[in-house]
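Here's a quick tour of a protein model for you. Have a look at the picture first, then we'll walk through it together.

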Amino acid sequence: MANLTTVTVEGNVAFENYAFRSCPNLETIYLLGDDVTFSGSQFACHSDNGDANGITIYVKNATVAARVYAAQISAYGYEVKILGAAAD
């Protein structure tokens with residue numbers, strides 16, 4: 001998964017802790033379902049130290065955004081954007 005740069009998830013999903021830990025080139029994640037659940041304190045990071053610099057996570061709604069923030073609590077450097085929000 002070292003060459004993975006973009007992930008798109010169309011439906012609802014449950015992520016394990018460190019689901020994308022071994023993806024040093026990951027830049028973009030699209031979570032397009034209405035709901036998502038996580039186990040653990042980070043699912044998207046470039047390394048074991050929580051570095052998620054440059055990863056943008058696009059979500060469908062504020063509920064999913066809140067769950068992403070809660071699941072990324074020990075990660076840093078990422079950004080969450082709600083699709084269709086005024087800034088997009």
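## Rings that group together

Which residues form one aromatic cluster? They're F15, F20, F38 and F43. Keep in mind that this is a predicted model.

Aromatic rings turn up elsewhere too: the count comes to seven aromatic pairs. One of them is Y30 with Y58, whose ring centres are 5.0 Å apart. Their planes sit at 15°, and planes under 30 degrees apart count as stacked, so this pair is stacked. The two residues come from distant parts of the chain, 28 residues apart, with Y30 in strand β3 and Y58 in strand β5.

## The sheet behind the pair

Now for the strands. Four of them make an open sheet in the order β1-β3-β5-β6, and the pairing is parallel. At the edges you'll find β1 (6-9) and β6 (79-82), each pairing on one side only. On average, neighbouring strands are turned by 15° against each other, ignoring direction.

Strands β3 (residues 28-31) and β5 (residues 56-59) run parallel and are joined by four bridges. Y30 shows up again here, with Y58 as its bridge partner in β5. Helix α1 (residues 62-71) packs on the sheet and touches β3, β5 and β6. The helix direction makes about 170° with that of β6.

Why does Y58 count as buried? Its relative accessibility is 18%, and buried means under 20%. Y30 has a relative accessible area of 27%, so it is partly exposed.

## A charge over a ring

One last stop: the charged end of R21 sits over the ring of Y18, 4.8 Å from the ring's centre.

Definitions and conventions. Residues numbered from 1 in each chain as written. Predicted model: local features only at pLDDT ≥ 70, side-chain atom pairs only at ≥ 80, totals over all residues. Heavy atoms only, no water. Pairing = 2+ DSSP bridges. Axes fitted to C-alpha atoms, helices over the stretch in contact; angles between N-to-C directions. Contact = heavy atoms within 4.5 Å. Phe/Tyr/Trp six-rings, centres within 6.5 Å; stacked < 30°, edge-to-face > 60°. Buried < 20%, exposed > 50% of the residue type's maximum accessible area, 1.4 Å probe, protein only. Lys NZ or Arg CZ within 6 Å of the ring centre and 35° of its normal.
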